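Here is a friendly tour of charge patches and strand pairing in one protein model. Have a look at the fold before reading on.

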Amino acid sequence: MQPMAINLTRRKLLGYALSSASTLPFMSLTGCDVNARHGVSAQSHRQPKLIGCSRTAAGKFAAVVADLSGNPLLKIMLPARGHGIALQRNGSLTAVFSRRPGQYVQVFDHQSGKEWGLRAADPNRYFYGHGVFSDDGQYLYTTEGESATSRGIIGVYEVKQGLPKVAEFSSFGIGPHEVIWADNNTLAVGVGGVHTQGRTPLNLDSMQPALVYLDKSRGEVVDQAELADKRLSIRHLSLMDNGGIACGQQYRGEPEHAAPLVATHQRGQALHSLLAEDEEWLRFNHYIASIGTIDGYLLATSPRGNCYGIWDQSTRELVEVKPLVDASGVAMLDNHWIVGSGAGKILSIDTHFKKTSKQSAIMWDNHWALSAV
């Protein structure tokens, strides 16, 4: 995309932000009490909440704050499809990242519903779908790419109105996707290695995916690990309960090839793929969305495969794979996984693999987060 097209998109986003103030629900610019208008009680502030992107029945897109049964408490309309969610650790701000190649970040208060204006991508940049707040909540780190080359960038933004960018980290690869905290000083980045025009891949024969660790202050690479199969684009990450990193892959090779789609990593060691039979890997349809670990077990979802799987981390063996239409977000609460679906289903699964199911009216997208308050 040429710079002129980028600027036109930025103007459209600005126009959306300005025009929406008088037309969209749950907007803060009216000065009204959002909670009073939409029945959000003070008690709801003290309960954990699910926060994720969704698609509406009318074909529009929103970020939704819901209770654990999937009953919506707040809805923030979005100008285009959203993807990843980031929460302030000790605050009430949520950041929603547009699906790659994305043009916006939306920040809002998930307790009050107060919205910040949309933050458009810089000229010649895309947002790549994910980000994370600093531990003190003062900065937001986002995955981005240069539009012409897919050169990977971590954008660093000060968390105040306008989200001014204060730094950029680069020189770690192309096509980064998810970024999480590996420890208090280190960012882990899933580098997909794919150069795209829009969503069309251009370099599948020369991909260089990697799991990269960056110093949070200088952006320098302090460690990295690679998979032997370069067609496995490293996409989604999760900090495991043993301190390692789990990564989910998108396979960019032949459709009939059964590639291992989940791997785990401990600093200073090699990446180790989890184990499953070929026909089991093929059930995941070459794509992993969300990952979560509890008590030595790892759960990963596949919306494309309409299923989720659970592995024993100690043996790396797949112990269960179950169907779930458009399986999407994963969160952990009280030694349970909470798993979402684009069909609105919410599963609660314990480490004995017993599950309960609830049906919500929300068509959840790939990821969600669980707020403590």
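Arg283, Lys322, Lys345 and Lys355 form a positively charged surface patch. This is a predicted model, where local features need pLDDT of at least 70, side-chain atom pairs count only at pLDDT 80 or more, and totals for chains, interfaces and linings use all residues. Residues are numbered from 1 along each chain as its sequence is written, and side-chain values use heavy atoms, with hydrogens and water left out.

A patch takes residues with over 30% relative accessible area and no salt bridge, joining like charges within 9 Å; a salt bridge puts a side-chain nitrogen of Lys or Arg within 4 Å of a carboxyl oxygen of Asp or Glu. Areas come from the Shrake-Rupley method with a 1.4 Å probe. Negative charge gathers too, in a surface patch of Glu277, Asp278, Glu279 and Glu317.

Arginine 283 belongs to helix 4 (residues 278-283) and is partly exposed because its relative accessibility is 37%, between the limits of under 20% for buried and over 50% for exposed. Glutamate 317 sits in the loop joining strand 24 and strand 25, and is also partly exposed, at 42%.

Now to the strand pairs, where pairing takes at least two DSSP bridges, and strands are E runs of at least two residues.

| Pair | Sense | Bridges |
|---|---|---|
| Strand 24 (residues 307-312) and strand 25 (residues 318-323) | antiparallel | five |
| Strand 6 (residues 104-109) and strand 7 | antiparallel | two |

Glycine 309 faces valine 321 of strand 25, while valine 105 faces arginine 119 of strand 7. In the hairpin of strands 24 and 25, arginine 316 has a positive phi near 65 degrees.

Definitions and conventions
Helix = DSSP H or I, 4+ residues; strand = E, 2+ residues; numbered from the N terminus. Patch = residues over 30% accessible without salt bridge, like charges linked within 9 Å, V, L, I, M, F, W, Y side chains within 5 Å. Lys, Arg positive; Asp, Glu negative; His and termini not counted. Charge placed at Lys NZ, Arg CZ, Asp CG, Glu CD. Buried < 20%, exposed > 50% of the residue type's maximum accessible area, 1.4 Å probe, protein only.
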